[in-house]
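Please read the points with the structure at hand.

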Amino acid sequence: MSSKQRIEVRVNGTRYVREVEARLTLADFLRHELSLGGTHVGCEHGICGACTVLINDQSARSCLTLAVQADDCDITTVENLRNPETGALHPIQQSFVDAHGLQCGFCTPGFMMTTLELLRENPDPSDEQIKEALGGNLCRCTGYQSIMDSVRLAAQRMKSSTLG
Amino acid sequence: MAIEIHTLPEHMPNDALRYVGKPVNRVEDPALVSGTVQFIDNLSLPGMLHCAILRSPHPHARIVSVDVSAALAAEGVVAVISGEDVKRWCVPGFTAPEGWGNYCMAVDKVRFVGEPVAAVAATSRYLAEDALELLHIEYETLTPVCNPEQAMAPDAPVVFEERGTNVMLHRDYTWGEVDRVFAEADHIISRRFRWNRVGANPTETFGCICQWDLADNSLTCHGAYQTPRFMAIGRAASLQLPANRVRIVTHPQGGGFGGKGGPRGTDIAALLSRKSNGRPVKYIEDRMEYLLAGGGQSWDRYYDAALAVKADGTVTGFRVHLVDDQGAGAEGYGTISAAKPLAAFTGNYRIEAASYDLTLVATNRAPTYPYRGYGPPPHNLVLESLMDCTARELGMDPAELRRQNFIRPEQFPYTVPSGNEYDSGNYEAVLDRVLEIADYPALRARQAAARAEGRLVGIGVVGTVEPGVFDWNAYATVGVPGVGVPEGVKVGLDVFGNVSVAVGFSLQGQGQFTVAAQVVADYLGVDMAQVKISTASSDVALPHFGQGGSRLGVAVTGAILGACEKLNAMFCKVVAHVMQAPEESIVLRNGRLYRVDAPEHGMSLAEIAGLMLSRSDLLPPGVEPCPEATYVWTSPNRNAPDDQGRCRSYLTAANATHVALVEIDRDTGRTHILDYCIVDDCGTRLNPANVEGQLQGGVAQGVGAALYEEYVYNDECQPLVSTFVDYLMPTIHEVPMTRKDHIVTPSPVSPLGAKGCGEGAMHTTPATILCAINDALAPLGKEMLETPASPHRLWKLLHEDQATSA
């Protein structure tokens with residue numbers, strides 16, 4: 001099982017060239033080969049959404065994606081949300097903090113990456129559209145209400161920052 | 001020195017509290033949203049190996065042979081263990097009641113599907129899993145016992161041969177004159193209920209890294225541990241190590257809800273480390289392992305229960321007969337969940353007499369473990385459903401029937417027949433408020449209009465008491481000894497006046513680090529940003545328990561107040577000495593110690609700490625150069641149980657009433673929650689945002705238990721649930737966005753008047769939804785008395801007549 005394949009990926013803007021086994025999942029690649037531990041693994045069968053990352057700006061389950069499938073792709077993970085210079089939280093992150101949109105925080109990176117995709121495509125989503133977007137992410141702690149609040153708050157803040 | 005723990009926030013030495021009682025942002029969150037928190041699978045140690053576990057495909061089988069040779073020769077494999085190693089090195093885990101424990105891995109026979117049979121340590125998880133396929137296990141299958149009825153049949157196969165029976169425990173409690181109140185009742189309302197197995201399913205499964213130090217014969221376990229010291233003692237016992245040779249380093253956890261498991265995985269990884277010449281071994285449970293056999297399945301129950309009711313609606317007696325399928329042994333302390341209902345057996349009501357006939361049975365299902373609520377959710381579902389049945393039979397409004405039977409505000413402290421004392425409450429005020437925010441008359445009007453159209457719309461109005469701040473004595477019923485659960489902290493200052501707090505637990509989601517920081521900052525009058533909370537490993541932490549039993553927010557508050565009181569007394573002594581003033585003339589107020597008679601003469605905390613750490617020549621005799629204090633809090637005034645299990649157990653009694661409006665879709669059997677309102681009273685709300693999060697999260701889990709979640713086993717005791725495609729977790733589409741309000745009746749006995757509030761919504765929601773469903777079904781003369789009231793079950797119930805007539 002050890003035949004390896006060369007891949008080249010750009011993760012959060014950094015280019016990586018690695019030899020990987022064909023069976024290595026993208027989640028394991030990001031977490032254990034690149035030490036990007038913010039992408040969490042909750043079910044490894046594509047239901048919980050904790051491992052959601054963006055591949056070429058589209059949300060994807062990194063547990064159901066093989067690293068070799070990400071060859072020549074741009075990948076964005078939760079580690080890319082903070083401002084690398086100032087360390088300031090992204091408005092989505094800050095909104096989750098301010099609206100108490102997390103408890104244990106394990107599912108949160110997946111929710112935030114899904115939210116990032118949603119708000120890029122639809123800066124002013126209705127509640128129904130938020131629910132539709134987040135319907136594939138499981139949270140066992142919050143009961144989702146504060147997550148709804150967080151996403152609404154993030155939308156509001158990102159809109160006003162774009163306008164301002 | 002007697003330390004007084006303040007029971008109201010305004011008792012703290014601070015004129016303007018900045019944090020306690022406010023929904024301040026959590027100190028946990030910046031790292032969590034950044035993805036930098038060290039959950040256990042984010043940690044790697046040098047030389048680390050990875051464990052994979054082979055699990056039994058049979059519910060009940062004798063192990064004839066185990067051949068590990070091919071696996072041992074496989075690429076990357078360093079060690080393999082099986083029952084033989086375990087038998088040599090371990091003993092079965094201790095249990096309550098005693099003697100129903102398993103080894104961490106099957107020895108001689110397997111007792112449930114998913115029981116570990118062998119395990120591999122290899123240089124990667126992928127290689128370890130490859131090697132599992134090379135393990136050859138020969139089984140001789142045995143007849144399984146799939147449920148309590150089979151388990152208690154004459155000549156049933158026994159799960160634990162040495163016990164000779166599958167009945168773990170039978171107790172029959174009588175509290176008050178039960179026979180008389182039932183004989184004198186005008187109505188006896190009785191029903192049978194079935195609560196199917198549900199489970200915790202935190203988003204992060206269990207994981208650990210264990211390293212056996214072969215020279216020191218000691219063990220270090222990093223992992224997602226909910227109760228570190230308890231875990232350390234358990235590991236020492238099962239691995240036959242002195243308890244001070246087991247060090248538990250607990251990491252932040254991706255949720256717990258009681259059902260994190262861990263003992264078996266830890267022991268297996270520890271033994272693999274021992275067999276790998278002391279290399280660290282990581283074990284990360286996967287979701288299929290968790291769903292099959294992880295430590296989170298709970299409450300597999302058969303109830304037969306009755307209320308004794310007078311003609312005017314006064315409920316006088318409650319009889320409960322419970323058969324509880326514990327699965328294959330008591331290793332997970334699922335047994336306690338049958339004992340906990342004693343703490344609030346008769347709910348919010350003045351029911352004068354009760355009885356509890358309790359049978360715990362072993363079967364070949366997976367062993368049961370704790371899950372948020374730990375027993376009362378099914379118990380309350382039974383009690384509250386019977387209240388609704390009573391209201392229907394008497395033609396009363398269910399809310400008014402409840403009001404009539406409530407314990408009244410002037411009756412607190414109130415001792416329930418099963419022995420616990422409720423500290424305080426105002427149930428009628430909670431009911432009034434929730435009926436107001438729900439606009440109950442309007443809901444009934446909406447229901448009437450919907451019924452007129454032939455729609456199945458129902459309303460549930462359910463109140464429960466949440467026993468908060470557990471004590472071991474509550475669990476004496478199943479053989480747990482002891483009174484008093486410790487929670488210890490150390491509070492210290494540095495020369496700059498920064499505050500460090502060391503606790504014995506780690507993050508799990510409830511926000512206790514934030515609560516700790518709020519309390520210490522307000523007591524000492526410092527900015528929350530100056531406070532750092534850290535987790536001490538179990539070898540150096542003070543006695544502690546950690547999360548569990550709706551206690552930690554209250555307990556850590558008590559511990560911090562105690563430590564701050566000690567610091568206060570010590571600082572007064574130092575300042576008095578330096579200022580050559582009488583000790584009684586010095587006070588701490590608003591972050592400064594000063595002379596009452598000359599407030600301009602004082603010292604800041606930084607000055608005092610600096611002096612203590614760097615000018616021992618100025619310290620009064622007997623004061624150490626250490627501006628630190630420890631305090632181990634435990635609930636005051638607890639006592640040993642009597643022969644009927646009665647004692648003052650849980651310290652606080654929060655309460656809540658929920659109102660749900662639901663509609664059942666006749667065509668699909670699916671229940672839609674149209675509106676959901678909550679009013680609760682958990683005393684002082686230390687961080688209202690945390691409380692609200694606990695409530696809403698409990699609602700979500702309650703919705704799951706009431707409508708969707710179920711560990712299904714087939715007739716051969718094979719689990720049919722192994723993925724989230726089978727085990728239906730509620731998503732954002734199923735969980736109602738609730739409307740909430742609260743009232744505040746501070747506890748007169750707890751730190752700052754706060755009551756445990758982590759489980760209340762889980763205690764209340766399943767009952768509320770089932771009551772609403774049965775209200776919806778009432779015009780059809782049908783009842784749903786089984787959970788989950790899944791679309792499948794409800795559809796069958798709605799269409800059973802057509803099926804028989806066709």
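How many cavities of 30 Å³ or more does a search of the whole structure find?

1. The search finds six. A cavity is a set of points, on a 1 Å grid over the protein atoms alone, where a 1.4 Å probe fits but cannot get out, and lining residues have an atom within 4 Å of a point. A volume is the space filled by probe spheres set on the points, which are joined across faces, edges and corners.

2. This is a predicted model, in which local features need pLDDT of at least 70 and side-chain atom pairs count only at pLDDT 80 or more, while totals for chains, interfaces and linings use all residues. Residues are numbered from 1 along each chain as its sequence is written, chains are lettered from A in the order in which they are written, and side-chain values use heavy atoms, without hydrogens and water.

3. The largest cavity holds about 170 Å³ of space. It is lined by 18 residues, and those closest to its centre are Arg264(B), Glu285(B), Ala293(B), Gly294(B) and Gly295(B).

4. The second largest cavity has a volume of about 90 Å³. Its lining comprises 13 residues, with Glu466(B), Ala656(B), Asp680(B), Leu695(B) and Gly760(B) closest to the centre.

5. At the interface, 49 residues of chain A are in contact (heavy atoms within 4.5 Å) with 56 residues of chain B. The rule finds three salt bridges between these chains (a side-chain nitrogen of Lys or Arg within 4 Å of a carboxyl oxygen of Asp or Glu). Arg23(A) forms a salt bridge with Asp130(B), and the closest N and O atoms are 2.8 Å apart.

Notes:
1 Å grid on protein atoms, 1.4 Å probe; cavity = no way out; pocket = protein on both sides within 12 Å on 5 of 7 lines; lining within 4 Å.
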